[in-house]
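Subject: Structure handover and notes on what was found

Dear colleague,

I am handing over the structure we spoke about, together with my notes on it. Please look at the sequence and the coordinates first, and then read on.

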Amino acid sequence: MRLFLTTKASALVLMAAVAACGAARADEPAPTLSPGLYGQFVVGAAHGGNPNYDNSSTLSVGWALGYRFTPNLGAEVFLRGLNFDLNLFAPDREYAYPDRHAGVALTGSLPISSLFNVTGRVGVGQTTLKRDNGPSSSRTNVSAGVGLALQLGSHMALTTGYERYTGVHVDVWNLGWELRY
C-alpha cells in the first residue's frame with residue numbers, strides 16, 4: 001500500500017512539474033494534432049477495492065485504436081488488462097475479480113505548450129469478472145481518465161495518465177506510447 005501511495009504521489013509531482021514547465025513555455029505556438037488514425041500501447045499498475053488488490057497493485061497492459069476527428073476530439077476502442085498475476089502457485093481465489101475491460105471512449109486533447117498536451121477520456125465498456133473456480137461474469141461500467149502527452153513529433157507521443165473504472169472500483173496509472181498515421 002505504501003509503495004502504491006508513493007507511486008501516486010510521485011506521478012502527481014511529475015505531472016505538476018511538467019505542467020509548470022509547459023506554462024513557462026506558453027508563449028511558443030502549440031502543436032496541432034492532425035486528424036487521423038492512431039494506435040496506443042499502455043502499461044501500468046491497477047489497484048482497487050477488490051480483495052485481488054489487498055496486497056499490492058497488479059500489472060495492467062492495454063491497447064487502444066482510435067480516430068482523431070479534430071485536433072482536440074477523437075474516439076477510440078480500447079482493451080485494458082486489470083489483472084496480470086504472475087504468481088502461478090497462489091491459492092485459488094473464491095471471489096470474482098476484475099480481469100479485463102473492453103470499451104469505447106471519447107477522447108480530448110488540449111495543448112499547453114509546444115511539447116505537452118493535457119488529455120482526457122470518458123468511455124463505457126464491459127469489465128470481465130473472473131473466478132478461479134467458477135464461471136466468469138461481466139459488468140457494464142463507465143471509465144474516465146486524465147493524462148499528459150509528450151509530443152515526439154507529428155507521428156509519435158509518450159503518454160502518462162490515470163483511469164478510473166466505476167462499478168468495479170479499479171484505478172489504473174499507466175505509461176504509454178502512441179503512434180499516429
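Predicted model: local features only at pLDDT ≥ 70, side-chain atom pairs only at ≥ 80, totals over all residues.

Strands and hairpins

Strand 8 is mostly covered, with 8 of its 11 residues buried. It pairs with strand 1, residues 36–48, in the antiparallel sense over 11 bridges, and within this pairing Val172 of strand 8 is the bridge partner of Ala46. Strand 8 also pairs with strand 7, again in the antiparallel sense, over 10 bridges, and here Leu175 of strand 8 is the bridge partner of Thr160. Strand 7 and strand 8 form a hairpin with 4 residues between them, and Gly167, which lies in the turn, has a positive phi of about 80 degrees.

The enclosed space

How many cavities of 30 Å³ or more does the count come to? The count comes to 1 cavity of 30 Å³ or more, and the volume of the largest cavity is about 350 Å³. Its lining is made up of 31 residues, of which Gln40, Thr119, Arg121, Thr159 and Glu178 are the closest to its centre. The elements that give two or more residues to this lining are strand 1, strand 3 (73–81), strand 4 (97–111), strand 5 (116–130), strand 6 (137–151), strand 7 and strand 8. The largest share of the lining of the largest cavity comes from strand 6, which gives 6 residues.

Charged side chains

Two of the residues named for the cavity, Arg121 and Glu178, also take part in salt bridges, of which the structure holds 7. Arg121 belongs to a network of salt bridges that links it with Glu76, Arg80 and Glu163, and Arg121 also lies over the face of Phe78, at 4.4 Å from the ring centre. Glu178 meets Arg180 in a salt bridge of 2.9 Å, N to O. With the limit for a buried residue set at under 20% relative accessible area, Arg180 counts as buried because its relative accessibility is 7%, and Glu178 counts as buried because its relative accessibility is 7%.

The side chains of Asp171 and Arg164 meet at 2.8 Å, N to O, where Asp171 is buried with a relative accessible area of 11%, whereas Arg164 is partly exposed with 26%. The side chains of Arg100 and Asp99 meet at 3.2 Å, N to O; Asp99 counts as buried at 13% relative accessibility, and Arg100 is partly exposed with a relative accessible area of 37%.

Aromatic rings

A search of the whole structure finds 2 aromatic pairs. One of them is formed by Tyr162 and Trp173, whose rings are tilted, at 5.0 Å centre to centre and with 50 degrees between the planes. Because Tyr162 lies in strand 7 (residues 156–165) and Trp173 in strand 8 (residues 170–180), the pair ties together parts that are 11 residues apart in sequence. Trp173 is buried, with a relative accessible area of 14%, whereas Tyr162 counts as partly exposed at 23% relative accessibility. Finally, a charge lies over a ring at Tyr38, where Arg68 is placed over the face at 4.8 Å from the ring centre.

Best regards

Methods. Residues numbered from 1 in each chain as written. Heavy atoms only, no water. Phe/Tyr/Trp six-rings, centres within 6.5 Å; stacked < 30°, edge-to-face > 60°. Buried < 20%, exposed > 50% of the residue type's maximum accessible area, 1.4 Å probe, protein only. Lys NZ or Arg CZ within 6 Å of the ring centre and 35° of its normal. Salt bridge = Lys/Arg side-chain N within 4 Å of Asp/Glu carboxyl O. Pairing = 2+ DSSP bridges. 1 Å grid on protein atoms, 1.4 Å probe; cavity = no way out; pocket = protein on both sides within 12 Å on 5 of 7 lines; lining within 4 Å. Points joined across faces, edges and corners; volume = space filled by probe spheres on them.
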